[in-house]
Amino acid sequence: MLYWKRMLVPLVLVALFLSGCAGTAAPSDSGATDTAADTAADADAELSGSLSFYPQNYYNPEALPDAAAVVEAVRDEYTTENPGVSIELVPYVGDANTYRSWLLTRLSAGQAPNITWEQYSDRNAEGAEVWVDLTDYFEQPNPYVAEGEPGSKRWADLFPDYVLAQTRGGDGRWYEVSLDWIETGLFYNKEVFTQAGIEPDWTNMEDLMADCQALRDAGVEPVGVFITPEWSTYQWLDDIFFSSAFSDVGPEWYMEKYNIPGRDFRRLNPEEFAKAVHDGHVSVDNERFDVYLDLVKQFTDACIMDGFAGGVALADVERMFVEGQVSMAWLTTGSATGLAESVKFDYGLTYFPPISNAMNPHEIHTDSSYRVGGPSGNAQYGITQVTAQQGLLDEALDFLMFWTAPQNFSRVYDSYPALVPMVAGVEPSEIAAEFQFVAGMPERLVGDPIARLTPQFGTEHNRLFQQFMLGEIDAETLKTQYQPLLEQGATDACTQNEWDWCGE
Amino acid sequence: MTNQHQSASGARWDWLTPYLFLAPAFLLLIALRYLPAVQAVYYSFTEWKGFFGSPEFVGFSNYSKLFHDQIFLASLRNMVVYTVVRTLLVLGMTFFAAELIYSLRNPTMQFIWQVLLIIPMIIPEIVVFLVWGFVFNTQTGILNTLLTAIGLGSWAQPWLSQSSTALWAITFIGFPFVASIPFLIFTSSLQGMPGEVLEAAKLDGCNTLRRVLHIDLPLMRGPITLAVILLILEGIRVLLPQLVLTGGGPGSSTESPANYLYRTAFQYGDFGLATAVGMIMLLVGLVFSYLSLRIRYQEATDVDI
């Protein structure tokens with residue numbers, strides 16, 4: 001008996017200790033979205049109420065006090081004009097993963113900021129149950145834009161069409177405004193290149209891979225790119241190689257409703273990609289899939305640094321470039337300012353060359369690579385459904401229109417000009433402008449794997465490709481395991497978004 | 001008479017005082033630990049997207065899904081390997097270190113060594129993992145540099161970047177493990193051992209090895225069991241190496257149930273499935289802890305059963 005008494009106490013303690021792993025907060029209801037007609041911001045109505053706003057990197061008082069002061073000033077201007085409205089600014093929480101946990105916890109408790117940042121792919125996956133549908137409001141005038149300027153008649157005119165296309169949800173609706181853009185580029189160490197007798201004037205990918213070998217021979221790791229099951233820079237390469245392999249047939253999968261006049265080659269919307277999987281166009285049985293895998297493996301073996309599949313994050317790649325451990329690093333506009341301050345050698349900015357028909361007979365863009373950039377920036381804002389339930393939708397919309405007006409967002413952007421602004425009338429910073437040559441390239445056919453179908457598909461995609469790139473599994477094994485993933489991802493995306501072709 | 005009455009009355013209510021002091025802590029414990037744990041049992045049988053409305057009862061569907069998911073099964077395998085190997089390593093190393101310190105004759109030196117070995121415990125765990133990330137770095141890591149320096153360059157590996165070594169690499173993080181709770185448990189237990197037993201053993205000519213095997217170990221079954229349970233729980237809940245270093249890869253070679261749970265809840269928003277993972281972790285923890293306790297009390301001579 002004493003034995004069991006002794007056993008009971010530690011077992012209960014163990015149970016309580018571990019229950020921390022399983023405990024969760026209570027669910028909250030999320031009501032239906034009010035229609036635009038019901039809740040449209042009425043210029044004559046007096047606005048009142050307390051809002052909270054999470055501006056992400058633009059409001060990081062500890063790390064970026066100057067930018068934070070500008071954000072506070074813009075907020076104060078608004079509240080002075082609208083004395084009935086108070087706006088609490090929520091300081092920067094942390095990196096994407098930390099923030100995501102923070103946000104989901106608060107969304108579950110109905111306590112998320114009224115207007116808040118989130119990655120567009122995650123936001124679109126959550127859709128109208130969590131976020132206010134902004135589609136109809138995009139058609140309304142932004143009263144804070146000067147008469148005759150883009151946006152004064154129709155709010156959406158403030159934003160480039162390709163930004164709107166890429167941030168559109170799988171259901172064809174918009175749940176956020178996206179005000180800045182991340183462009184990518186290949187930073188290279190000019191001194192190492194000179195020593196190895198290399199110029200970044202590659203005509204095609206074969207030239208680059210030959211130079212990678214020369215760099216390896218000189219004892220320098222060529223390209224700083226990493227892959228983990230989570231988000232990683234390898235995903236950009238994956239976008240390029242997939243776009244290349246399927247470039248001749250990809251445009252056939254476009255759906256009329258997503259087409260943009262004048263853009264013959266554009267990124268597939270998640271619905272279009274899922275439909276292409278559903279219809280068997282994107283399949284491991286397609287010969288182009290073998291080309292895609294071949295491109296990935298050839299480039300990995302020739303160019304990607306050793307140790308790319310673990311223990312490395314974006315900050316490590318930056319550090320490795322700064323310390324001269326890799327001769328090239330594929331980074332973004334977001335890294336450019338930091339590099340300018342810390343790199344002690346001569347360096348430049350270049351990009352990947354096109355893929356020739358010798359490497360890929362299906363490639364249609366033999367004179368240019370693909371632009372890897374996207375709206376996953378610092379200024380992606382949506383309004384929570386809880387805001388509508390609280391009766392604060394008019395206030396939130398009005399402030400968001402105020403915030404996006406060029407005379408206001410330009411001040412915010414200039415205080416922390418890390419990315420490329422995507423609001424008509426806001427000029428890019430000098431460093432961001434250096435990436436303009438990438439902006440002229442064709443858009444990639446697909447987005448990052450984590451945004452291609454579902455986040456889960458992206459994680460599993462990355463796991464398999466990690467092993468394939470490392471040579472731990474061969475192409476046939478990958479294909480056997482990949483096809484069910486593709487199909488499941490397409491089915492899940494279809495079910496979540498209630499696309500009408502799901503049951504076909 | 002009045003005083004006597006008051007005193008008798010006071011004595012009658014004295015028993016209540018400790019409960020009153022315990023009540024706030026107990027209420028918080030119920031609210032923050034018991035209730036979520038009970039709720040979690042229910043949520044594990046539901047499809048619940050957190051903020052996506054109410055949980056919907058789905059029976060054993062979440063559990064069925066988990067046991068058909070190769071990644072989750074791999075995470076369980078990794079957890080067992082990590083927990084068993086790390087528990088044995090930590091137990092062995094910390095017990096050895098505690099015995100070494102105990103064998104020092106000078107109490108001041110004992111104290112100094114103890115402090116020196118314990119100080120690293122104040123370093124935040126996340127920093128420890130980041131530092132070990134540098135140790136395992138393929139290009140400039142201390143480990144590969146050291147191997148190359150001593151002529152074993154061919155042994156240099158991308159430790160965290162290949163499936164064959166990644167799990168072992170994270171298992172060895174923190175080596176030689178002395179800055180840990182088990183070390184504290186062992187040193188304090190050794191110092192608390194009855195002096196007369198040790199004196200008698202010395203008089204009987206018992207050498208150090210025999211003393212360790214026949215006196216220290218049997219007398220320390222309780223502390224060792226406690227350390228084992230703590231290490232098992234740590235192994236079951238391991239998450240930081242995955243978050244900081246590997247993301248569970250390459251492939252699924254370092255995936256852990258806790259990382260799976262974290263991703264399922266906070267990246268995929270599938271709280272029902274994540275709660276089922278938590279329940280499985282809880283059950284595994286209970287089973288392992290039960291077995292540890294059973295072994296501890298089986299044929300034990302140091303306790304009255």
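View 1. B:Pro250 sits in the loop that links H13 to helix H14 (257-266) of chain B. This is a predicted model. The peptide bond from B:Gly249 to B:Pro250 is cis. Its omega is near -5 degrees.

**View 2. The loop between H8 and H9 of chain B.** This loop holds B:Pro176. The peptide bond from B:Phe175 to B:Pro176 is cis, with omega near 10 degrees. B:Phe177 lies in this loop too, between H8 and H9 of chain B. B:Phe177 is not a glycine, yet its phi is positive, near 70 degrees. B:Phe177 is partly exposed: 19 other C-beta atoms lie within 10 Å. A residue counts as buried at 20 or more.

View 3. H8 covers residues 163-171 of chain B. Its buried residues include B:Ala166, B:Leu167 and B:Ala169. B:Ile170 and B:Thr171 are buried as well. The buried residues of H8(B) pack against H4 and helix H13 (240-246) of chain B. Residues three or four places apart in an α-helix point the same way, because there are 3.6 residues a turn.

**View 4. Helices H4 and H9 of chain B cross.** Two packed helices are described by the angle and the distance between their axes. For H4 (residues 70-103) and H9 (residues 181-191) of chain B, the axes come within 9 Å and cross at roughly 35 degrees. The crossing of H4(B) with H9(B) is right-handed. From H4(B), the contact includes B:Val90, B:Leu91 and B:Phe95. From H9(B), it includes B:Phe183, B:Phe186 and B:Leu190. The residues of this contact are 11 nonpolar and 2 polar, with no charged ones.

**View 5. An open sheet of 5 strands in chain A.** The strand order is S2-S1-S3-S10-S4, and the pairing is mixed. Strands S2 (85-89) and S4 (177-178) of chain A stand at the edges. Each has a single partner strand, so one side of each has no neighbour in the sheet. S1 (residues 49-54) and S3 (residues 115-117) of chain A pair in the parallel sense, over 2 bridges. Here A:Tyr54 stands opposite A:Thr116 in S3(A).

**View 6. Strand S10 of chain A and its two antiparallel partners.** S3(A) and S10(A) run antiparallel, joined by 3 bridges. A:Ile115 stands opposite A:Ile383 in S10(A). S4(A) and S10(A) also run antiparallel, joined by 2 bridges. There, A:Ser178 has A:Gln380 as its bridge partner. In a regular strand, side chains alternate between the two faces of the sheet. From S10(A), A:Gln380 and A:Gly382 point one way, while A:Tyr381 and A:Ile383 point the other way. All of these are buried.

View 7. H16 (residues 393-404) of chain A lies across S1, S2, S3, S4 and S10 (380-383). H16(A) runs at about 165 degrees to S10(A). The largest nonpolar core has 124 residues. A:Ala396, A:Leu400 and B:Val277 have the most contacts inside it. Helix H15 (residues 271-297) of chain B gives the most to this core, with 11 residues. A:Ala396 touches A:Leu51, A:Ile115 and A:Ile383, among others.

**View 8. The loop between S1 and H3 of chain A.** A:Gln56 lies between S1 and helix H3 (65-81) of chain A. A:Gln56 has a positive phi of about 60 degrees, although it is not a glycine. A:Gln56 is partly exposed, with 18 other C-beta atoms within 10 Å.

Technical notes
Residues are numbered from 1 along each chain as its sequence is written. Chains are lettered from A and ligands numbered from 1 in the order in which they are written. This is a predicted model: local features need pLDDT of at least 70, side-chain atom pairs count only at pLDDT 80 or more; totals for chains, interfaces and linings use all residues. Axes are lines fitted to C-alpha atoms, for helices over the stretch in contact, and angles run from 0 to 180 degrees between N-to-C directions. Helices (H or I, at least four residues) and strands (E, at least two) are DSSP runs, numbered from the N terminus. A crossing is left-handed if the near helix is turned anticlockwise from the far one by less than a right angle, and right-handed if clockwise. Two residues are in contact if their C-beta atoms, placed from the backbone, lie within 7 Å. Ala, Val, Leu, Ile, Met, Phe, Trp, Tyr, Cys and Pro count as nonpolar, Asp, Glu, Lys and Arg as charged, and the others, Gly among them, as polar. Two strands pair if DSSP finds at least two bridges between them. A residue is buried if 20 or more other C-beta atoms lie within 10 Å of its own, exposed if 12 or fewer, and partly exposed in between; C-beta atoms are placed from the backbone. A nonpolar core is a set of buried Ala, Val, Leu, Ile, Met, Phe, Trp, Tyr and Cys residues joined through C-beta atoms within 7 Å.
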